[in-house]
Amino acid sequence: MNARRVRAIAFKEALQVWRDPRSLAVALLMPFMQLILLGYGVSLDIKHVPLCVYDQEMSQQSRTVVDGFLSSGWFSLARALPNEAAIRTAMNRDQCSAVLVIPADFSRRLAMTGRATVQGIFDATDVNTTNIAMGYAEGATARLASEFESKYAAAHGVEPSAVGSVDLEPSTWFNETLDSRNFIIPGVVAVILALVGAQLTSLTISREWERGTMEQLISTPVTTLELMAGKLIPYFAIGLIDAAFCLGAAIFWFKVPFRGDLFTLFVTTALFILVVLGFGYLISVRVRSQLGASQIALLVTLLPTTLLSGYTFPIDQMPAPIRAISLVVYARYYVSILRGLFLKGSGLAGLAVPFAGLCVSALVILWLAARAFHKRLD
Amino acid sequence: MSSGTPAVVVDRLTKRFDEFTAVDGITLTIGRGEVVGFIGPNGAGKSTTLRMLCGLLTPTAGQATVAGYDVAREPEKVRQNIGYMSQKFSLYGDLTVRENLRFFAGIYRVRREDLGSRMDFAIRMAGLEGREDVQVTTLAGGWKQRLALGCAILHRPPILFLDEPTSGVEPEARRRFWDLIHDLAADGVTILVSTHYMDEAEYCNRIALINQGRLIALGTPRELKGSRLGGQLVEIACAPLGKALARMSAAPGVLDAAIFGDKLHVVMAEGGLDLAGLRQALADGGIQVGEARAVRPSLEDVFVRIVTRKQDAPGAAA
């Protein structure tokens, strides 16, 4: 491998990207737009769930419960309902996704036994939203419960821990932070880098075929390895810039806590970029038209990466054959590395398994990419 | 490459694509410093042959050595010794003149101390002084082709393969291009150049006529024009041409007849009809005859004559 030739190719490629609006858009605009789309659009958090309230008691206590729900910010009041029948009507007309029912004996029960129940009715047509709304309701109830608890304890002169609380019925799991963003955003970064990386290099070889410059290039003594290295270097630099942008946005804009170390983040990110660039290059070698290569790069990275990388759907919940397939979806390794780094603060040692997966992916893909290109027209 | 070995040796070189034989057993030896023209219609197999010589296509049968290296077994050694201009314009249109030159100088590892002078030479040669920083896509055809040649010779290759370098270029620029080719040949560069312009063949030391994948004639322009026709060429202005052609083809003593532009070219056997007899034969057929005169054959006449003779007698030797 000759450094002079690699440099000549890298410099030429950088000039071409710089002068090609389409490549520039992919390099710089695409990550930004995807970050907005995926970062906000795919957020599993739902704010201002429209809530109808059927308050059978209309007491000061019941008012406190309603205010507790509304002040959480997760719910907004759609309507106050006068009777039982109005619940069905409101649901049918999509006026709300949830109804809070406070029974007529709420205050009496609370005062007598220290326990009371409110009823939450959820429109389950959107299971995901329902689950989240139920989580929110649980959260709101729990906060109310601790408030009532302290008051009851103070009034009756007993220890707060010994008494009951306000329950939501049906009761569901409890999510302390109620923030899916921390979980989603690191995955979003991996998905964006996988998509953008493959797009960037998918054009690089097919462009030369399409414009007829490849025939000239392969008539020179340049080797296939020099060509690949020279082609990948400028995109590697762009990939690092994109990664810095996405990771920076995750930490400073989306406020995902970053608990790991920067060195591990850099090493694994650089490796992942190498993998995705190599994959795009492989496609570019195989498909000789720019449009075809970019379409294929989109198709074969978008679906597996979003579905099988564990970015939204947990891999360990998948059936065994799908789990096996996900082993070659290299983005899954970077997704687990990023989650580990961001949320758990794992070091390289703790991430050994996904890191090994990433290394193997890099070796295999770069080996395939280097072998795929032949300096031949037939 | 030692001084004794020929620059290019082609031995029964054949290329088949599925059922189609693009190059059919071409044999040819090119000495150092020669300018050899590959002449033939589009699709004759010229580009395929050149691509095999550059190691870009694998020969189906036969072999070829370039600068002493086998094109199938040592393509990289071959590529170090050649400059190649492909048929389609193949520089980077979105780069400037200077950026293209610098790129190929890097690829060919032109020594840094030579870089400036080689690039200046290429720019001067292409007549692109003052346009060094212009994006190549905006240049006119003749400039593009000369720049492509400049890029192909940056590393001073002893052998040049030029595939239809003047295709689609205006006549004045074509002539300038051929001046460059002769300058290079004068410096000892071996040049194999393909063209479908018959008139350009006159600029070559030797000509290889190619048709349907086969080498149908090889020699200097003078040899081909002198010996290959086998008779005297007569140019006749007459009308209607089609009728005249039919009549002449059947006339006794006429070896060959073909339409060239708005005139008829007739090859007459020795001792056959004379000019007057020819006029008479045409006039008898109700054809208006204008001027008729003996002319020196062009290569196009030779080409047409050889091709028709082959088709009449498929077994005939070239």
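Predicted model: local features only at pLDDT ≥ 70, side-chain atom pairs only at ≥ 80, totals over all residues.
Let's start with the interface. Chain B brings 36 residues to the contact and chain A brings 27. Together the two chains bury about 3,000 Å², with 51% of that coming from carbon and sulfur atoms. On the chain B side, the residues that lose the most area to chain A are Leu56(B), Tyr92(B) and Ile107(B), which together make up 20% of what that side buries.

Now the polar part. There are 20 residue pairs in polar contact between the chains, counting pairs with both residues at pLDDT 80 or more. Which elements of chain B supply at least two residues each to the side that touches chain A? They are helix 2 (75-80), strand 6 (82-85), helix 3 (97-107) and helix 4 (112-125). Helix 3 gives the most, with 6 residues. By type, that side of chain B divides into 19 nonpolar, 8 polar and 9 charged residues.

We also have 5 salt bridges between chain B and chain A. One of them joins the side chains of Glu99(B) and Arg19(A), at 2.7 Å from N to O.

Finally, our arginine. Arg206(B) sits in strand 9 of chain B, residues 206-211. Is Arg206(B) buried or exposed? With a relative accessible area of 18%, Arg206(B) counts as buried, because the cut-off is under 20%.

Definitions and conventions: Residues numbered from 1 in each chain as written. Chains lettered and ligands numbered in written order. Heavy atoms only, no water. Helix = DSSP H or I, 4+ residues; strand = E, 2+ residues; numbered from the N terminus. Buried < 20%, exposed > 50% of the residue type's maximum accessible area, 1.4 Å probe, protein only. Contact = heavy atoms within 4.5 Å. Buried area = accessible area lost by both parts, 1.4 Å probe. Salt bridge = Lys/Arg side-chain N within 4 Å of Asp/Glu carboxyl O. Polar contact = N/O pair within 3.5 Å; in protein donor to acceptor, adjacent residues only side chain to side chain. Nonpolar A, V, L, I, M, F, W, Y, C, P; charged D, E, K, R; others polar.
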